[in-house]
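Hello,

Please read the notes with the model open.

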Amino acid sequence: MQKHLALILFVAMSAVPQAQAENLSLADILQAAFANSPDLQASDLQVQMRQAETAQVDGALDTRYGASVGLSNESAPTTSPFAATETNAAFIAGQVVQPFSDGSTLTGTLKYNRAELIYPSTVNPAFQSKPNPLYQHQIDLIYRYPLAAGSGNPNYTYQKEAGEAEEKAAALRLALVKEQIASRAIALYAQFVLNDLSVKLSQDAVLRAKQLLNNQKKRESFGLVEKEDRYQTEALVAGRRLQLAQAIAAKKSAQTALNRLMYQDAETPLFVTFVSPKVQLESVANMLAKAEQVRPVFQVLDAQYQAAESRLSMAQSAGDYQLDVVGQVGTRALDGTAGAAFAQGFNPVNDRYIGISLEFSDVLGKSSNKAAIQKGMLAKQSIQIERRKAHLDLETEISKLIDTLKSADITLRASARQVSAEKKKYRAQVERYKKGRTPTATIIQFEGDLRAAELRYLIQKVNKGVAEYQLALAMGELEALQIVDVNADVNAGVNASEQGDTQ
């Protein structure tokens, strides 16, 4: 995907103080992933291969030339006592062919021969052929122009168009791979954030449980509570420590996955602050239309469709009959001396050749051509079906994400109100507990209720942010999104909810 995410992901070494930690954005993380991704490297090689294929098509208009030289000796029986019995020949020949983009070709040929007849010794020189040896020089320019098949050079034209379209599609596939990496990054990012929040909440829960235990011990020392009450609190502390250990293990696993996404050491500590984009919701039809303009999956399919159209046009043009007009001019020089024959070959006044002709050819049945046309039409239909499937899949994805975000707002406000209520309930119960007006089991239960409510709130908040990222990714507009902080401070959301309730 060409547009980078405007998502902020702060990453640092947890072994150093936060103030000294190096903050990395998601763009930095993706840059590291892009630079080392084998999938991107393979896709980049595909682009280079398509570029080479396009350059290879351009080679169809390159000038071709060649030369040959040879010697021969021919000996044959004869029925005439005055005929030559042996012929010694030597020749040198050259050819230059220049094809043009309109399908025509210009060919230049040159041939220079020397032929010497060998007669029996019994043949009187007066009866021998003169001159001997004989030198011949021939130059021709041949211009061939197709009137039917080959007119406009469809092989070159359509192959070049198809090659350029496939080159474009290969380049756009890089964006597709980047989208996949970005999608995975969002998922791993959210998982790490959730696990990190879970660790912080577990640490808070351990702290609250310890405070409760310390209070319990003091009260026990004054004989206000029995040791069985302290056992309940000690069990609570042990349970909270187990949850903290589990949260740390889950965070370690998420840290490893996120580090490996960046192709760095799995043990590298990470410091992450969660932020989320602010998505502007519209109708599904409007968002779908905008997404189709920028998403690389549709651009790739459009480029592939252009390539398929070019190859179909090439197959259709290949079925035309062959009708070429051929014009030829040249010289024919013949002399007994080498120099004179060579010089006369460049003089078109006396020794010339001029000709024009029509050449026709065709194929009966054209089975191969019909199969090629059918294959091209099926290729276009296949791409159309694939594009429609991509359209329907994207429509489904956008619809689900819009519903998710709408319901997430309602659920998040309700969850914030629950956290507020659980805090009030827990604090009030703590005051009652200090006065000995509530049992230990009740305060433990209320503390667990508060922790569960806080965890649900944060999970819902992060999930809402993930849905916003996914929608922005589906729209291809992450770079343009406004970023708003939705850090793991539960109080911010809770206070906002409380203010809304009072209003």
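**Aromatic contacts**

Tyr-189 has a relative accessible area of 0%, so this residue is buried. Please keep in mind that the model is a predicted one.

Tyr-469 is buried as well, its relative accessible area being 1%. The two tyrosines form an edge-to-face pair, because their ring planes stand at 80° to each other, with the ring centres 6.2 Å apart. Where do the two partners lie in the chain? Tyr-189 belongs to helix H3 (residues 154-221), while Tyr-469 belongs to helix H9 (residues 440-475). The pair therefore ties together parts that are 280 residues apart in sequence.

Another edge-to-face aromatic pair is made by Phe-342 and Phe-346. Here the distance is 5.2 Å from centre to centre, and the angle between the planes is 70°. Is Phe-342 buried, exposed or partly exposed? Its relative accessibility is 39%, so Phe-342 counts as partly exposed. Phe-342 and Phe-346 also belong to one aromatic cluster, together with Tyr-112 and Tyr-135.

In total, the count of aromatic pairs is five. The pair of Tyr-189 and Tyr-469 and the pair of Phe-342 and Phe-346 are the ones described in this email.

Regards

Note on methods: Residues numbered from 1 in each chain as written. Predicted model: local features only at pLDDT ≥ 70, side-chain atom pairs only at ≥ 80, totals over all residues. Heavy atoms only, no water. Phe/Tyr/Trp six-rings, centres within 6.5 Å; stacked < 30°, edge-to-face > 60°. Helix = DSSP H or I, 4+ residues; strand = E, 2+ residues; numbered from the N terminus. Buried < 20%, exposed > 50% of the residue type's maximum accessible area, 1.4 Å probe, protein only.
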